[in-house]
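Please keep the 3D view open as you read.

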Amino acid sequence: MSSRASRGSHNDVATVVISQKVRVGREDDYRRWQDRTSETVRGFAGFEGTELYPPESVGDDSAGENEWVVVFRFSHLDQLSSWLDSDARRELIEQGSDLFEEPPTQEVLVGGTPVHDSVTAVISHEVRPDQEQDFVRWQEKVLAAQWAFPGFMGSELFRPVKDVQGKWVAVFRFDNRQHLDAWLESPAREKLLDEGRAFFVSYDVRKVGSAFGSWFRFDATSEEGAPPNWKQAMSVLLALYPTVKVLDLAVGPQFAALGIPGYLSLFLSNVMSVAILTWLLLPLLNRLLAFWLMPGRAQSLRTDVTGAVLVVLCWVMFLVIFGVTTG
């Protein structure tokens, strides 16, 4: 596995972002292998959390290459290094070697400030010898240009980690994927890249993000990753359907009596639905279904099936209730 590593300056938290091009048709095998990897890493000191991002969830051009991204976080660099250099991990890599089109790559970030509810780009650079200072000044120009783009939330530059790897890594965040893509595809960035090629030999881009953001944040200080998108979608539907139906029964007639036009009453109902979901029902579901939603707890097929069946039964229950009461 080739490695790209960088150092930040905020704290000792260490993160590794691993990109893996999975062979077409081996996705299920890869998921099972990654589940074993995640279960193993939880036994290592300092482990804080992990997330897995399939190609369709990161929205990168690399999706066509079936590239998956997995993130591991540890409290300190030495603890992360113990995991990366462990016999257990080497054995797992050997077991999964036939799953990949080519050796996976990784960026190790030391320090930095975790930010939720954003889409993150991780860009590693192989800087030319004796061009480090010019590269840093060029990154400052990039940052100044980024601030002019909608949705930009900040950027951090990570220096190489001694005796680990020599790549520099820039990490920047936007509030959504559309704004991130607008920057990545902009003429302003292309012009800056042309200028920056005098300072670096090559660069790689990785995107990391979650589809539903803070609707599935389990704790304000938690490093748990978001659940898989299918669990998020099932949970949103579980909360959304009864909310919309109750509002239609309780508020709809009131809006009609007041003479509010249909398009406006629909908008107001949607505002109330989103507010109820965001601040009431989904936080409640996060607690009630934590055994199934939290990646750190849902580690078996039995748990996945149990949670899914429970959610489907709740769907059926609401359908029956509203069918009887409004039929």
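**A kinked helix and a covered strand**

Helix 10 (residues 262-288) has a kink of about 50°, centred on L277. The bend at a residue is the angle between axes fitted to the seven residues ending there and the seven starting there; helices (H or I, at least four residues) and strands (E, at least two) are DSSP runs, numbered from the N terminus. This is a predicted model, in which local features need pLDDT of at least 70, side-chain atom pairs count only at pLDDT 80 or more, and totals for chains, interfaces and linings use all residues. Residues are numbered from 1 along each chain as its sequence is written, and side-chain values use heavy atoms, leaving out hydrogens and water.

L277 is also buried, as are S265, S269, S273, L282, L285 and N286 of helix 10; buried means under 20% relative accessible area with a 1.4 Å probe, protein chains only. An α-helix has 3.6 residues a turn, so residues three or four places apart point the same way. The cover over the buried residues of helix 10 includes helix 8 (229-250), helix 9 (252-257) and helix 11 (290-293).

Now turn to strand 5 (residues 105-110), where six of six residues are buried. T105, E107 and L109 lie on one side, with Q106, V108 and V110 on the other. Strand 2 (residues 14-21) runs antiparallel to strand 5, joined by six bridges, and V17 stands opposite E107.

Stepping back, the chain has 12 helices and nine strands, and 43% of its 327 residues are buried.

Terms used
Buried means under 20% relative accessible area, exposed over 50%, partly exposed in between (1.4 Å probe, protein chains only). Contact means heavy atoms within 4.5 Å. Two strands pair if DSSP finds at least two bridges between them.
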